[in-house]
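The exercises below are meant to be worked through with the sequence and the model side by side. Each task is followed by a solution that goes step by step.

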Amino acid sequence: MSIERRQFIKITSLTTASLPFLSLTKKASNQLGAGNTAVENDAMFDMFINPKNYHRPFVRWWWNGDRVTKEEALRELDVMKDAGIGGVEINPIKWNENADGIDIPQLQWGSDEWLNVVEATVKGAKEKGIICDMIIGSGWPFGGEFVPRSEQSQIIMLGTKNLEGNKEYSFTQKELLESVEPPSNYKNKLSELFVLRLAPAAMNVFGEGINLNAQIKNDAIKINVPDGNHVLYYLIKFTGYQSVIQGALGANGPVINHYDKTAVENYLNRFAEKLTGKLGPLNNYFRAFFTDSIELEGANWCNDMFEQFKQRRGYDVEPYFPFILYKVGEMGNAVNEEYGSKFSPEIKAMLNRIHYDFEITRVELFQERFIKTFTTWCTAHGVKSRMQAYGMDCHPLESSMTIDIPECETWIWVPDIEEFDDTPGSPNFGGRNYTMINKFVSSAGHLSNKQLISCEEMTNTNQIFSTTLERVKLTGDQSNLSGVTHSVLHGFNYTPLEAPFPGWLRYGSFFNERNTWWPYFRLWSDYKSRMSSVFQNSVMQADIAVLHPLADLASKSGFQRDPFPRVSYPLYVHHVWEAIHQNGNGCDYVSEHILQQSIINKGKINFNTRSYHTLILIEVETMQPETAKAIKKFADAGGKVIFIGKAPHISSGLEGYDKKSKEIEEISANILKRHPQTTGVVAAPAKDLLGWYRDLQKQFSLTPYVVINEPVHHVSQLYYKVNDRDIFYFTNYSANNAHSFSANFNNKKTAWLWDAETGKRYLYPSSENGLLQISLGPSESKIIVFDNNKEGEKYISVDRSNLKERIINSDWNLTLNHVNDTAKKITLHALTDLKQINELKDFSGTIIYKTIIAIDAVNNKTYLDLGHIYDVSELEVNGQTIGTKWYGDHVYDISKAVQKGDNYISIKIVTTLGAYTKSLKNNKAAQEWSGELYGPTGLTTPVKLLTS
C-alpha cells in the first residue's frame, strides 16, 4: 500500500477431521507449566505452547532499492528469527531518495548479481527454518519496461463538452486528447480517440445520439449541432497509462493488461524463468508467491471487451457505452460532479442496469484471465497462491475463494477507541483497525474450507515511530476478530546497521532492531503465534449468513476501490457483522452465487462445510431470480430470512428486466406472506446497532453461541470449534476502558483459560451450565476453551474490591538515557507527562524511576499499580526482577519481594522513538515518517500500593 494512498486507504473440502494438527501423536512438551501436566498427547495444546514457524508472524521484507548483499540478508534473517518471526515475504521495492545509500549499489531486479543474493537468502532461510514467500516482480501491480505495448494496461475514459444548438464547433484531436487525464499518467502512454457521440442534453427517450466516429482520425473535428442543447461525448483509450507503483530498478515501467490472459502468462513465465534458471524448482524454497494490491487505476478495457460483453450478456453494449461510463479521477474513483446529458428516471435506471452488466463482465474477465491464470501458474510450480483479491476489478467475496492463501489488510490508525462509532454515515475507521474487506476475505476462506487466512497487518503511514507495542497488540487482536488467522507484518525494512539513523525506510511500523521496544517484540510475537496456532487449527463458527447489496452498489456506483470504498451502501453496511458478534452470534458474508449453489435442507443453507439457519439481507433490492428462488426454498424449509429496510424486487442487468423483476417481487411477497413468524422486513438501524441487533435476536429467536449480559462496542467475540473443544476468543479493543460481564455458554464441559502470553492454561471458574464472569482490562484478550479435561491449576484474578489502596507520594529520582547517547538525572515531586517539561519534550529512550516505599507490615497479597502506561515497563523491587508489562494497566504482584520497612522500587520505562524523530528537522528520512505523536511519555498518574 503506497504512501500516496494513505488518504483512502465449490471447492474441494478440507473437513475438520483432516486439520493438520490432529495427525500429531507426540506427548505434551516438557515445557508445560504448573497445572498443565495432567494432559498428555494433546497435540493442539502442545502446539499452543510451542507454535510452529507457520503460525508465527511473517514480515514483508522490503529490499529497499535492491541494495542487497548476501551477508546482510543472512544477518537480518537471524535478527528476525531471534525476534520470533517465522517467515519472510521477499519484496524488492523502489529506493527511497530520502535515505543514505552509503555507497551500496542498487542491483537490477532479475540480474545475475541480484539472483545470487536471492539464492543465498532462500538457501539461508531454509537452513534457519524460516519460511519464504516472494512477491511477483516488484511493487504493484504487475509490470515492467519489458512489457510490449500490445500487453499494457488500457482504460477507456470519458470526456464531455456541453454544446449549444444550431451552432458549429471545431475541436482539434490534440485538444480533446489533452482535456482528459488518466488517473495515473505514465510518460510513455498512448492516447487515442475511441468514440465520438453527440447526444441531446436532455433525454426522456433513449437514443444513442449522432455517431461522429468517422472523424476520429481527423486532426480537426467539426460538429454541426442540431436544434437544442447537446453534449459531445468523447471516449479516449489510453494504453500504457499506468506504471508500476514503487517498482525497483529493472522491474518498473508500464503495467500489464490484467484483462489479457496472454499478457499475464507472459509476465508470470518471464518471472519464473528468471528464478528457476538460478534456483531450479521454486517449491524447493518458496511456500507461496504473492500478488499485492490490485490498484489498476480504473483499467477497464481489453481488445475483445465488446465481444465478451455480447457473448456473456446477450446484447450489444456499444450504443449505450458512452452513457454508462463514469468520469474518474484519483485511483480510478468516480468524480463527484455533474456532467453529460440529463436523463429521465426511467432511462437512468436502464443505464444503471447496463452499467451493472458492464461491471460484472469486467469482474468475470479479471477472474478468468488474471486470478485463474495466476493460481494455475502457482499450482504448476508447486507453490501456493497468496493474493489480496479485492478492488474495483474483483468480486469482494468470490475472488478470494480460489486463492490458496487469501489475504486482507489491517491498518494502524489513530487509536482512541472513544471514537468508535456505529452511527450510519460515520467514518469507516472510527476506532477500527481492520478494514471493511477483512470480513469478506475471511468469509471467502470459510466458504472454501480454508483455515489459513492471511493479513497484511500493521500497515502504517501516519505514526511510524510513535506506534507502541500495545497499539500493535490492539491492532493484531482486531485483525483476528475480523477472521484473520495469520499475520504478515508491514513490515521489516532491509537496512544495514551502518546506514545512518533511522536507516532505510520505505513503509511500515518500524519493526526494526533500532526501535527502542525491539528487545520486547518477542513478547508480542509469541503471544500472536499462540493465537494463530489456535485459529489455524480450528474452525470459526457462524450460523448466520449476511448478504450485501452488491448488485445495487455496482448498478448505482460501480464496484469500489476496496478496502477503502468511496461509497458504502447503505452507510452502515460494514458494521452489521460487528453487532452480530458483539451480541454473541457469529456470521459469514455470502453472495448470490453461494446461495444459488447451496444445498437447502431442514431449514439450513449448506455450502461446503458451512451451515446457516438465518439469512440477513442488508437493504438488498436487486438480485437475480435464481437467488430469490433459493431464498424462497430456504424460507419454505424453515429458515429465517430477515430483510433490512426492504425486500428484493428488482432484477439485475438489462435482459428480461421487467419479467424477472416481477418474478422477484412476487417471490419476496410470497416469502413474507407464508412465513410471518420466521421472516420479515425490519427497519434499518439508526444510532445503536448493538440494541438494534438485540431486538432482532428477540424478534426472530436468534440463539447466540454465548449470551453476553452487557455487550459494548469495544468488546467482541469469536467462536471456534475443533472436535470436542469449544473455543471462544474475547477481545477488548479499547486501550482506555475495562469491561466486565457475565457470559452464559450453556456448556457443561470444563472451562479453561488459555494464556497466549505464557503458553499455560488454567481452570476457569464457572457454574455447572457454563456461566462465566469475564473481566477484560484495557487492551486485554482472553481465550476460553471448553473441553473434557478436568484437572489443572486454577485461574486466580486480581480482585481489587478487597484490596486497600495507598497512593505513593514520595519523590522520584529519574535517570533518562536518551537514544542519542546522552543521559540526564532529575527529581520529580509529582509524576507527570515528560512531554510537558520543555527540556524533555523531545526525549526518547529509557527512563529509570526510583523511590523508597515504607511498609509497616507484610500482607498476604501486595500489588504495585503503575496505572495505564503507553510504553513498556519493567519492575524491580528490592533488587528482585518482578516482570515486564507491555499493554493495558501495568499492575505487578510484588508479594514475594516486599519486606517490612523500606522497599526499594526501580521502574524502567521504554518509550517510543516518536518524540526524538520529530525533533530531527534536518533528517529527511526521520521527518518523512514521523507523523503524529501519540500518548504521554513516562509515568503520568500516581503509583498505588494495593494490599490485602
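This is a predicted model: local features need pLDDT of at least 70, side-chain atom pairs count only at pLDDT 80 or more; totals for chains, interfaces and linings use all residues.

**Exercise 1. Determine which residues touch the most other members of the largest nonpolar core, and follow leucine 615 to its contacts.**

Step 1. The largest nonpolar core holds 208 residues, and those that touch the most other members are Trp61, Leu275, Phe286, Phe289, Phe521 and Leu615. Helix H8 (residues 345–380) provides the largest share of this core, with 12 residues.

Step 2. Once residues up to four places away in sequence are set aside, leucine 615 touches Ala545, Leu547, Val590, Leu595, Ile605, Ile631, Phe634, Lys640, Val641 and Ile642.

Step 3. Another core, of 29 residues, lies apart from the largest one, and Leu834, Ile847, Ile853 and Ile907 are among its members.

**Exercise 2. Classify the ring pair of phenylalanine 48 and tryptophan 754, and do likewise for phenylalanine 492 and tryptophan 518.**

Step 1. A pair of aromatic rings is described by the distance of the centres and the angle of the planes. The count of aromatic pairs comes to 60.

Step 2. For phenylalanine 48 and tryptophan 754 the ring centres are 5.0 Å apart and the planes stand at 50 degrees, so this pair is tilted. It links distant parts of the chain, since phenylalanine 48 belongs to helix H1 (residues 43–49) and tryptophan 754 to strand S32 (residues 750–755), 706 residues apart. Both phenylalanine 48 and tryptophan 754 are buried.

Step 3. The rings of phenylalanine 492 and tryptophan 518 have centres 6.0 Å apart and planes at 55 degrees, so this pair is tilted as well. Phenylalanine 492 lies in strand S16 (residues 486–493), whereas tryptophan 518 lies in the loop between S16 and helix H11 (521–536), so the pair ties together parts that are 26 residues apart in sequence. Phenylalanine 492 and tryptophan 518 are both buried.

Step 4. One aromatic cluster is formed by Phe206, Tyr233, Phe309, Tyr315, Tyr320, Phe323 and Phe343.

**Exercise 3. Locate threonine 750, decide whether it is buried or exposed, and list its contacts.**

Step 1. Threonine 750 is found in strand S32. Its relative accessible area is 14%, under the 20% limit, so threonine 750 is buried.

Step 2. Apart from neighbours within four places in sequence, threonine 750 is in contact with Leu763, Val785, Phe786, Asp787, Asn789 and Lys790. Along the chain, threonine 750 and leucine 763 are 13 residues apart, while their C-alpha atoms are separated by 7.6 Å.

**Exercise 4. Compare the backbone and the exposure of isoleucine 102 and asparagine 166.**

Step 1. Isoleucine 102 has a phi near 40 degrees, a positive value in a residue other than glycine, and its place is in the loop between strand S2 (87–93) and helix H3 (112–128). At 25% relative accessibility, isoleucine 102 counts as partly exposed.

Step 2. Asparagine 166 has a phi near 60 degrees, likewise positive in a residue other than glycine, and it sits in the loop between strand S4 (154–163) and strand S5 (168–172). With a relative accessible area of 56%, asparagine 166 is exposed.

Notes
Residues are numbered from 1 along each chain as its sequence is written. Side-chain values use heavy atoms; hydrogens and water are left out. A nonpolar core is a set of buried Ala, Val, Leu, Ile, Met, Phe, Trp, Tyr and Cys residues joined through side-chain atoms within 4.5 Å. Buried means under 20% relative accessible area, exposed over 50%, partly exposed in between (1.4 Å probe, protein chains only). Helices (H or I, at least four residues) and strands (E, at least two) are DSSP runs, numbered from the N terminus. Contact means heavy atoms within 4.5 Å. Rings of Phe, Tyr and Trp (its six-membered ring) pair if their centres lie within 6.5 Å; planes under 30 degrees apart count as stacked, over 60 as edge-to-face and the rest as tilted.
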